[in-house]
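Me: Please take a close look at one part of the model shown below, namely the packing of its helices. I would like a connected account that sets this packing in the context of the whole assembly.

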Number of protein chains: 2
Amino acid sequence: MREGLLPPGRATAATQAEYDETHLRRLRLIRALTGARGLSVASAKHVLDAMTEHRTDLHQLLGIAFGIRPPAGVTPDAAEGGAPAGANPEAAALVDAMGWSVSEHNPARQAVDETLRTLRSLGIAYDWEALLPYAELAQRTARHDLEQLETVTDPMEKAERAVLLTFLLEPALMALRRLAQENESAARHGGGEHTST
Amino acid sequence: MREGLLPPGRATAATQAEYDETHLRRLRLIRALTGARGLSVASAKHVLDAMTEHRTDLHQLLGIAFGIRPPAGVTPDAAEGGAPAGANPEAAALVDAMGWSVSEHNPARQAVDETLRTLRSLGIAYDWEALLPYAELAQRTARHDLEQLETVTDPMEKAERAVLLTFLLEPALMALRRLAQENESAARHGGGEHTST
């Protein structure tokens, strides 16, 4: 088998036949964790081992894949790590208001509080309540995210897809928002000359 | 008046009184364009001049603020620039299917095609039709984005807020998706021990 964790492109059918499917999946997951989620190779292996250990508990498995529950021993890499409980009161209020079941240590809590602080420092009056309509839409997005995983039966393949769809779709989701903003601006304020060709 | 384009924090009421409100808004917009949108100071000034010129045409103004229509003379900075017409067929198909009115040169088109290519190169069968449910949600998000601007009457203040809310909210929107994913995973696969404390 080729050395290196990141084989270029898809392996051909002929090549695939030489390898065990589990082995290939393990490689792909490491590639997803190092590429899409930005972990070091050492951390990715650690995360993968924890996933394998919890392969029968899908919620735990997906939590590890999403970076919500980094297993003990994984160095907090960029954008990972979490925060001490109670450190992000605005995220806590939002999660509460939405009735969400979310771990205290989900690192996304911190991003919510940080964004709100930044907006206020720039003179925009914005608090967690202003985020509620976005939270409703995020809930629908997440529902669709998880629905897409239902067609996958193998737990490790599900975890791989969860990582890829969560992290790699982010730029596309933000791009869709920009496209929709232009359309919405055209509908609200547009003259004919500025609309689509 | 203090030198430097990026005065720290909010000016006090006493200090504000010394300056013209238009001047302060100009400074804040430059800060928004350089900080949140990542433009160089020279490009930000150029964009600002174009905004001022188009201040009576709100759609044009917001297009410039969002980075959809960079005015002539602005060097394409990071993540700006746009693509030649027809270069992104999957984004085109999606925009068409949604019935959106979106300029051929909106740079977000490129992000859509790039993401789909990346996903396929990693072995995930994904095309623009798979993005349609996300596009529906993006449309609602954009509607809410634009609604929030309705309360602002001054066009330049509206443009400033458009820049800040578009770019600075991105990490919070992605964080809300992660929080909602954990909640959705808990609802679908979760045992009691993994849910919120």
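**Helix packing between and within the chains**

Reply: The crossing of H6(A) and H8(B) is left-handed. The model that shows this crossing is a predicted one.

From H6(A), the contact draws on Ala108(A), Arg109(A), Ala111(A), Val112(A), Thr115(A), Thr118(A) and Leu119(A). H8(B) answers with Leu164(B), Leu165(B), Leu168(B), Leu169(B), Pro171(B), Ala172(B), Ala175(B), Leu176(B), Arg178(B) and Leu179(B). Sorted by class, the residues of this contact of H6(A) with H8(B) are 13 nonpolar, two polar and two charged.

Chain B is superposed on chain A by a rotation of 180° with 0.0 Å of shift along its axis, at an RMSD of 0.0 Å. That is the relation of a two-fold axis. Within chain B, the C-alpha nearest the axis belongs to Leu137(B), at 3.3 Å from it. Of the interface residues of chain B, 100% are also interface residues in chain A, so the copies meet through the same surface.

Helix H8 of chain A also packs within its own chain. H3(A), spanning residues 41-53, lies against H8(A) at an angle of about 135°, with the axes 10 Å apart. H3(A) and H8(A) are therefore oblique to each other, and their crossing is right-handed. Here Leu48(A), Met51(A) and Thr52(A) of H3(A) meet Met156(A), Ala159(A) and Val163(A) of H8(A). The contact of H3(A) with H8(A) comprises five nonpolar residues, one polar residue and no charged ones.

Arg28(A) forms a salt bridge with Glu160(A), with 2.8 Å between the closest N and O atoms. Arg28(A) sits in H2(A), residues 21-35, and Glu160(A) in H8(A), residues 155-189, so that the pair links distant parts of the chain, 132 residues apart. Side chains of opposite charge can pair when their charged atoms come close. Over all chains, a search of the whole structure finds 20 salt bridges.

In chain B, H2(B) (residues 21-35) and H3(B) (residues 41-53) have axes that come within 9 Å and cross at roughly 125°. That makes H2(B) oblique to H3(B), and the crossing is right-handed. H2(B) supplies Arg26(B), Leu29(B), Ile30(B), Leu33(B) and Thr34(B) to the contact, while H3(B) supplies Val41(B), Ala44(B), Lys45(B), Val47(B), Leu48(B), Asp49(B) and Met51(B). The residues of this contact of H2(B) with H3(B) divide into eight nonpolar, one polar and three charged.

Trp128(B) is located in the loop between H6 (108-121) and H7 (132-149) of chain B. Leaving aside residues up to four places away in sequence, Trp128(B) touches Glu90(B), Ala93(B), Leu94(B), Ala97(B) and Leu116(B). For one of these, Ala97(B), the C-alpha atom is separated from that of Trp128(B) by 9.7 Å, the two residues being 31 residues apart along the chain.

Terms used:
Residues are numbered from 1 along each chain as its sequence is written. Chains are lettered from A and ligands numbered from 1 in the order in which they are written. This is a predicted model: local features need pLDDT of at least 70, side-chain atom pairs count only at pLDDT 80 or more; totals for chains, interfaces and linings use all residues. Side-chain values use heavy atoms; hydrogens and water are left out. Axes are lines fitted to C-alpha atoms, for helices over the stretch in contact, and angles run from 0 to 180 degrees between N-to-C directions. Helices (H or I, at least four residues) and strands (E, at least two) are DSSP runs, numbered from the N terminus. Angles under 35 degrees count as roughly parallel, over 145 as roughly antiparallel, 65 to 115 as roughly perpendicular and the rest as oblique. A crossing is left-handed if the near helix is turned anticlockwise from the far one by less than a right angle, and right-handed if clockwise. Contact means heavy atoms within 4.5 Å. Ala, Val, Leu, Ile, Met, Phe, Trp, Tyr, Cys and Pro count as nonpolar, Asp, Glu, Lys and Arg as charged, and the others, Gly among them, as polar. Copies are superposed by least squares on the C-alpha atoms of residues with pLDDT of at least 70 in both. A salt bridge is a side-chain nitrogen of Lys or Arg within 4 Å of a carboxyl oxygen of Asp or Glu.
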